[in-house]
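Here is a short briefing for a reader new to this model. Look over the sequence and the structure first, then read on.

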Amino acid sequence: MIIDWSWIADHTDDLTSLTLSHLEAALTAVLLGLLISLPLAVIAHRVRPLRGFLLGASNVLFTIPSIAIFVLLLPVSGLTRTTTVIGLTVYSLVVLLRNTVEGLDSVPVRVKEAAKAMGTRPLRTLLTVELPLALPVIMAGVRIATVMSISLVSVATYIGDGGLGQLFTDGFQRNFPTPVIVGVVLTLLLAVVADALLVALQYVLTPWKRRRA
């Protein structure tokens, strides 16, 4: 399989634009998923009867094929970036919700009881005690959701979006392997770099783990 390096040089601007578009869709979906999953996870953690329902509902959504989600959203949001972001948010929500619940569950009861004994209000305990201690588990979910979203953006090519996925379509339609290879490499690089940056962010946000080590 021969790579046409001149094609890459001639399409640098297009590749940059597609890469940024791909990254924007993935990160927007993860951010929205995180904003939605945090309050839902707190509810699932504290209201046990709702825990099974929320986690079960998210698991059901995860079983829907990605193409099917995009198609189902077309009558609502049309052939737009909004359709892509909503579909990706649904998938990221499953991972983020479960990991956030598990992170909150991992906080030792004695730590929460100590905060309560000191007169700390429930909301402040959540923000200053529970969420920080749950952060490593939550960040693990963010890393998984980010890599997953980056890989799934390409599926949105079927609705006219897709970022780097457009390179796959272009290459297959013309029987020209260079765009396909470039699209795969750039997608992998995005996933690796994003994951590395999230690992670094977690390192910065959890200084107590460094001191313990």
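A salt bridge is a side-chain nitrogen of Lys or Arg within 4 Å of a carboxyl oxygen of Asp or Glu. By this rule the model holds six salt bridges. This is a predicted model: local features need pLDDT of at least 70, side-chain atom pairs count only at pLDDT 80 or more, and totals for chains, interfaces and linings use all residues. Residues are numbered from 1 along each chain as its sequence is written, and side-chain values use heavy atoms, with hydrogens and water left out.

**Overall build**

- The protein chain has 10 helices and zero strands. Helices (H or I, at least four residues) and strands (E, at least two) are DSSP runs, numbered from the N terminus.
- In sequence order, the pattern is α-α-α-α-α-α-α-α-α-α.
- The C-alpha trace spans about 70 × 45 × 25 Å along its principal axes.
- Of the 213 residues in the protein chain, 43% are buried. Buried means under 20% relative accessible area, exposed means over 50%, and partly exposed lies in between (1.4 Å probe, protein chains only).

**What the UniProt record says**

- The unreviewed UniProt entry carries the annotation "domain: ABC transmembrane type-1" for residues 19–198. UniProt positions are given in the numbering used here, feature names are shortened, and annotations may be inferred rather than shown by experiment.
- In the model, residues 19–198 are 84% helix and 0% strand. The end C-alpha atoms of this span lie 19 Å apart.
- Under "transmembrane region", the unreviewed entry in UniProt lists residues 25–45, 52–73, 79–97, 133–160 and 180–205.
- Residues 79–97 are 89% helix and 0% strand, with end C-alpha atoms 28 Å apart.
- Residues 133–160 are 71% helix and 0% strand, and their end C-alpha atoms are 42 Å apart.

**Salt bridges**

- Glu-130 pairs with Arg-46 in a salt bridge, with the closest N and O atoms 2.8 Å apart. Glu-130 lies in helix 7 and Arg-46 in helix 2, so the pair ties together parts that are 84 residues apart in sequence.
- Are these two partners buried or exposed? Glu-130 is buried, at 4% relative accessibility. Arg-46 is partly exposed, with a relative accessible area of 42%.
- Asp-105 and Arg-51 form a salt bridge through their side chains (2.4 Å, N to O). Asp-105 belongs to helix 5 (residues 81–105) and Arg-51 to helix 3 (residues 48–62), so this pair ties together parts that are 54 residues apart in sequence.
- Asp-105 is partly exposed, at 30% relative accessible area. Arg-51 is buried, at 19%.
- Arg-174 and Asp-170 also meet in a salt bridge (2.9 Å, N to O). Both residues lie in helix 8, four residues apart, about one turn of the helix.
- Arg-174 is partly exposed, with a relative accessible area of 47%. Asp-170 is partly exposed too, at 26%.
- Salt bridges that share partners join Arg-48, Arg-51 and Asp-105 into one network.

**Surface and loop**

- Leu-31, Leu-32, Leu-35 and Ile-36 form a nonpolar surface patch. Together they have about 360 Å² of accessible area.
- Patches are made of residues with over 30% relative accessible area and no salt bridge: like charges are joined within 9 Å, nonpolar side chains (Val, Leu, Ile, Met, Phe, Trp, Tyr) within 5 Å. Accessible areas come from the Shrake-Rupley method with a 1.4 Å probe; for residues, only the protein chains shown count as cover.
- Leu-35 sits in helix 2 (residues 12–46). Leu-35 is exposed, with a relative accessible area of 56%.
- Asn-175 is in the loop between helix 8 (165–174) and helix 9 (177–205). Asn-175 has a positive phi of about 55 degrees, although it is not a glycine. Asn-175 is exposed, at 72% relative accessible area.

**The largest pocket**

- The largest pocket holds about 220 Å³ of space.
- A pocket, on a 1 Å grid over the protein atoms alone, is an open set of points where a 1.4 Å probe fits, with protein on both sides within 12 Å along at least five of seven lines; lining residues have an atom within 4 Å of a point. Grid points are joined across faces, edges and corners, and a volume is the space filled by probe spheres set on the points.
- The lining has 13 residues, of which Leu-34, Met-139, Val-142, Leu-198 and Leu-201 lie nearest the centre of the pocket.
- Helix 2, helix 7 (122–152) and helix 9 are the elements that give two or more residues to this lining.
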